[in-house]
Amino acid sequence: MAQWVEELHFPHMEIPVTISHVGLVMPSGTVPTPPDHTLYLSNLDDMIGSRVFTPTVYFYPSSLAPSSDQKPVMQILRNALASVLVPYYPFSGRIRETRNGKLEVFFGQEQGALMVEAHSEMALASLGDLTVPNPAWLPLVYSSPNEEPYRLIDMPLLIAQVTFFSCGSFSLGLRLCHCLCDGFGAMQFIRAWAATAKAGTLVTNPMPCWDREFFKPRNPPIIKYPHIEFMRIDDGSSLTMSLWQKKPIQKCYRISLEFQAQVKALAQPAHCNCNFTCTTFDAMAAHVWTSWVKALDVQPLDYNLRLTFSVNARKKLQNPPLKEGFYGNVVCVACATSSVSNLVNGRLSDTARLVQEARLSVSEEYLKSTLDYVEVNRPRRLEFGGKLTITQWTRFSIYESADFGWGRPVYAGTIDLTLTPQVCVFLPEGGSDSTGTMVVCICLPESATNKFTKHLSTILDSSHEN
């Protein structure tokens, strides 16, 4: 029987990459963007957590890549991008700041998406296991020389680097501005780009819809919830210091479907007549959170910690519903809180219930309250005090969306979490026979990794129902 929880390893290496061409890609047709034209960004687009680029990488081995020279790959991708930038023209704009720190998209001269051609003398096989996200892959995603961290203003909103390896394989490294799209919106855009490349003609299904005014705040604002997910909290625990004092390392684990089912079963409360039925996410988020806190030996025990995660609110919107093809941010940040003591000594079902209650608290009214809260109390910085943030990429069709005509990539996903070590990602495994397996990526001090592996792999301990 295969291991239910398998610790994954990646090689530490340097990937030599030579940039051969950097150029702008403009929409290939007419778009409704005269000079100085601007587009409104909603407060969901403009939240502090959205003011980032999301880097991802996609690997296409030589068995999938064209057997001729490398120019057709660049030509196909560039031409398809130019075509898809017509209906998705906001990606050819830039971000600027307006009154009170509010952001908007504007259009000027010499803009467009950025496309980079690069080459490496390495063969793709030299990169090791391509199912495990590796921070060493960062050179496969373009950053301009001396680029400031978290810079958005005047940056291209889509940056694509195609790196050709010596074996004929290639990678596509993407950076998409999160202000323009959430994960589901990004999948919609990539799917259109890939379908257009595959067909040789523009394919958009559904047609993209901007319509960010749908999420304008109310006047006057009505803030009905405390929104502790945004609150600045001076971390009175040892958590933040233990993570940031020494550079944390990235750890990845393959979690089988059978193990997920076991965790979910143990997260269901015994002898309870309530309507509590947790999802796999509720159970796995609770299990990872408690394992992380135990491994870090967080003190003091009476300190309250936060678990935050994004909830897709599309189906919550009924009055009126969103238009089909909307690709902007429609996620709210849910937040569960618990004392260290309850996480370490409590039952898994109790923690899973906290996660479920936070997830179910996101309603249409909660979303409207979020819009109003951000309008009144626009957060200026990311808050990490006493917090773990889990991002669930298992919901996205990231592999299916990225077939540009050369088949599914052998890997599609994130690269390096160590820059934000209080973020954990649940990734889908890409193999065609993955059968629901997920890959959990998380950051820890090296001294805590063995303890975390032990707690993550063990579910029949003090956290199970007595």
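Is Cys-424 buried or exposed? Some notes on that and on the rest of the model follow.

1. Cys-424 has 0% relative accessibility, so this residue counts as buried (buried means under 20% relative accessible area, exposed over 50%, partly exposed in between, with a 1.4 Å probe and protein chains only). Please keep in mind that this is a predicted model, where local features need pLDDT of at least 70, side-chain atom pairs count only at pLDDT 80 or more, and totals for chains, interfaces and linings use all residues. Residues are numbered from 1 along each chain as its sequence is written, and side-chain values use heavy atoms, with hydrogens and water left out.

2. On the cysteines: searching the whole structure gives 0 disulfides (pairs of cysteine sulfur atoms within 2.5 Å). For Cys-424, the nearest cysteine sulfur belongs to Cys-441, 7.5 Å away. Cys-441 is in no disulfide either, and its nearest cysteine sulfur, that of Cys-252, lies 3.4 Å away. Cys-441 also counts as buried, at 0% relative accessibility.

3. Beyond its neighbours within four places in sequence, His-287 is in contact (heavy atoms within 4.5 Å) with residues including Phe-259, Leu-348 and His-455.

4. Now the whole protein. Of its 466 residues, 56% count as buried. The C-alpha trace spans about 65 × 55 × 40 Å along its principal axes. Among contacts between residues at least 6 apart in sequence, 84% join residues at least 24 apart.
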